[in-house]
Amino acid sequence: MFPTHRPRRLRTHPQLRRMVRETVLTTNDLIYPLFAVPGEGIANEVRSMPGVYQLSIDKIVEEAKEVYDLGIPAIILFGIPADKDGDATGAWHDCGIVQKAATAVKKAVPDLIVIADTCLCEYTNHGHCGYLQVGDLTGRVLNDPTLDLLGKTAVSQAQAGADIIAPSGMMDGFVQAIRSALDEAGFDDTPILSYAAKYASAYYGPFRDAADSAPQFGDRRTYQMDPGNSREALKEIELDIAEGADMLMVKPALAYMDVIWRVKEACNLPVAAYNVSGEYSMVKAAALNGWIDEQRVVMETLIGFKRAGADLILTYHAKDAARWLR
């Protein structure tokens, strides 16, 4: 009558549980996002993201040093320019805010990996990820002309010191355009982390407060993926791999763990998951109200991303997670 197999035997002691744990999270898995703004001495907390700040470059450098000291190997930079225009000038200009931040961070913390988010929505006066037809009020981005802007942006970011280029605009052919531009400029060793499967998600809401990137009209459903599709994600990653992507990203992460799993099973490239702003803010709000144990929920969520197949996790919880892992 008694069971022969008793899985509980391997759960009887904390050290034993640690020994047989199948999935392990380390600081090596983490990437910390940072938002750069013009000025000096600026640290503006994002209203909808407690603990996340828009930072001037001097403060970005301070954060970068702290991140490195915590053992986190990389940051990803987003920029909020002083001025915006239809050509997204702030994205590709050599004095752009991300370019200046990348240079400052690499000078101060040369061993910290700097990833540059290569998109245009923060820099256009309409908040979309590329050129629009004159008079367009729907937000249907002109794909091919936008590729030239993305290539130019990637080259300027690499020239400023960015170690990895991370295009996030979901334009068809954007990886190939950026790879060609980087190679022609002599940056053939600069890898591309492609936002290969980026969904048109409601989870991005707080990020638009952080990056001041909400569309002025229309939405991004004509270029970001429909949340109901997973086979399409595999098509997207196949195209990006063929175009020269070195790493692939799924964004968001929490509601798309099945996509992370399918992408990981379908390819042999490193897979990143973006634990996006809405996911972060929900946990923070619940924790601040005393409804959840923040540390346990965060660590369980991050280990879930790893278990689903993520090799890298972009998360606003990165610093806290690094401290808890210690």
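Let me begin with two helices: α10 (residues 277–288) and α11 (residues 294–308) pack with their axes 10 Å apart, at an angle of about 155°. Helices here are DSSP runs of H or I of at least four residues, strands are runs of E of at least two, and both are numbered from the N terminus. Axes are lines fitted to C-alpha atoms, for helices over the stretch in contact, and angles run from 0 to 180 degrees between N-to-C directions.

The model is predicted: local features need pLDDT of at least 70, side-chain atom pairs count only at pLDDT 80 or more, and totals for chains, interfaces and linings use all residues. Residues are numbered from 1 along each chain as its sequence is written, and side-chain values use heavy atoms, with hydrogens and water left out.

To return to the pair, α10 and α11 are therefore roughly antiparallel to each other; angles under 35 degrees count as roughly parallel, over 145 as roughly antiparallel, 65 to 115 as roughly perpendicular and the rest as oblique. Their contact, meaning heavy atoms within 4.5 Å, involves E279, V283, K284 and A287 of α10 together with E294, V297, V298 and F305 of α11. By class, this contact has five nonpolar, no polar and three charged residues. Ala, Val, Leu, Ile, Met, Phe, Trp, Tyr, Cys and Pro count as nonpolar, Asp, Glu, Lys and Arg as charged, and the others, Gly among them, as polar.

Helix α11 also meets helix α12 (residues 318–325), where the axes come within 11 Å and cross at roughly 100°. The helices α11 and α12 are therefore roughly perpendicular to each other. On the α11 side the contact is made by E294, Q295, V298, M299 and L302, and on the α12 side by D320, A321, W324 and L325.

Which residues does V298 touch, leaving aside its neighbours within four places in sequence? They are V283, H317 and W324. V298 lies in helix α11 and is buried, with a relative accessible area of 2%. Buried means under 20% relative accessible area, exposed over 50%, and partly exposed in between, with a 1.4 Å probe and protein chains only.

I turn now to the cores. A nonpolar core is a set of buried Ala, Val, Leu, Ile, Met, Phe, Trp, Tyr and Cys residues joined through side-chain atoms within 4.5 Å. The largest has 80 residues, of which I75, L77, L182, L248, I260, V263 and L302 touch the most other members. Helix α5 (residues 143–159) gives the most to this core, with six residues. A second, separate core of 28 residues includes I31, M49, A74 and Y204.

One further buried position is I165, in strand β6 (residues 164–167), with a relative accessible area of 0%. Beyond four places in sequence, the contacts of I165 include A116, T118, I178, L182 and P191. I165 and P191 are 26 residues apart along the chain, yet their C-alpha atoms are separated by 6.4 Å.

Finally, some backbone details. Where is P252 placed? P252 lies in the loop between β8 (247–251) and α9 (257–266), and a cis peptide bond joins K251 to P252, with omega about -5°. A88 is not a glycine, but has a positive phi of about 50°. A88 sits in the loop between β4 (74–79) and α3 (89–92) and counts as buried at 0% relative accessibility.
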